[in-house]
Amino acid sequence: MRKINITLCLLLIWSTVSGQNLIPEIKGDTIIYHLSISTKSVNFSGKERQAIAVNNQIPGPTLVFEQGKVAVIYVENKMSKETSVHWHGLLLPNIEDGVPYLNTPPILANTTYKYEFPLKHSGTY
Ligand SMILES: [Cu+2]
């Protein structure tokens with residue numbers, strides 16, 4: 001089986017930096033992660049700003065999966081505004097793609113969405 005790494009990057013400028021790995025929960029063929037999205041104060045340019053963090057990390061954590069298993073990712077939105085997680089490089093059911101209002105409902109403030117999809121391939125698509 002090949003491993004699949006997904007680094008959560010809410011902005012493309014973060015995509016070159018890999019986040020820390022999380023330890024998943026494994027139930028049979030299902031690999032389960034719990035993510036929470038919140039804001040946090042950052043200072044990248046000499047001025048304090050609010051930024052979006054995943055599990056209080058910027059960039060977000062790296063999720064590791066195995067081809068042939070099922071991914072379940074619970075995303076809790078701890079922000080006061082709706083959000084979504086959009087996946088790139090994966091073949092997955094349209095409803096799980098994460099573009100809000102286009103194919104996935106937005107994750108409303110203080111709610112959790114369960115993404116679930118089979119891991120059909122490794123590498124990027
Ligand atoms: Cu896209």
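Mentor: Let us begin with Ala71, which, once residues up to four places away in sequence are set aside, touches Ile31, Phe65, Glu116, Phe117 and Leu119; two residues are in contact if their C-beta atoms, placed from the backbone, lie within 7 Å. Residues are numbered from 1 along each chain as its sequence is written. This is a predicted model, in which local features need pLDDT of at least 70 and side-chain atom pairs count only at pLDDT 80 or more, while totals for chains, interfaces and linings use all residues.

Ala71 is also among the residues with the most contacts inside the largest nonpolar core, which has 16 residues, and others in that group are Leu35, Phe65, Ile73, Val75 and Tyr115. A nonpolar core is a set of buried Ala, Val, Leu, Ile, Met, Phe, Trp, Tyr and Cys residues joined through C-beta atoms within 7 Å, where buried means that 20 or more other C-beta atoms lie within 10 Å of a residue's own (exposed is 12 or fewer, partly exposed in between, with C-beta atoms placed from the backbone). Two or more residues of this core come from each of β3 (30–42), β4 (49–54), β5 (62–66), β6 and β7 (112–118), and β3 gives the largest share, four residues. These strands are DSSP runs of E with at least two residues, numbered from the N terminus.

Now consider how β3 is paired, bearing in mind that two strands pair if DSSP finds at least two bridges between them. Eight bridges join β3 to β6, and these two run parallel; Ser36, for instance, has Glu76 in β6 as its bridge partner. With β4, by contrast, β3 runs antiparallel, joined by six bridges, and Ile37 stands opposite Val54 in β4. Six residues lie between the strands in the hairpin of β3 and β4, where Gly46 takes a positive phi near 90°.

Finally, look at Asn77, which belongs to strand β6 (residues 70–77). Asn77 is buried because 22 other C-beta atoms lie within 10 Å. The C-alpha atoms of Asn77 and Ile37 are separated by 5.0 Å, although the two residues are 40 apart along the chain. Beyond its neighbours within four places in sequence, Asn77 has contacts that include Ile37, Glu82, Ile107 and Thr111.
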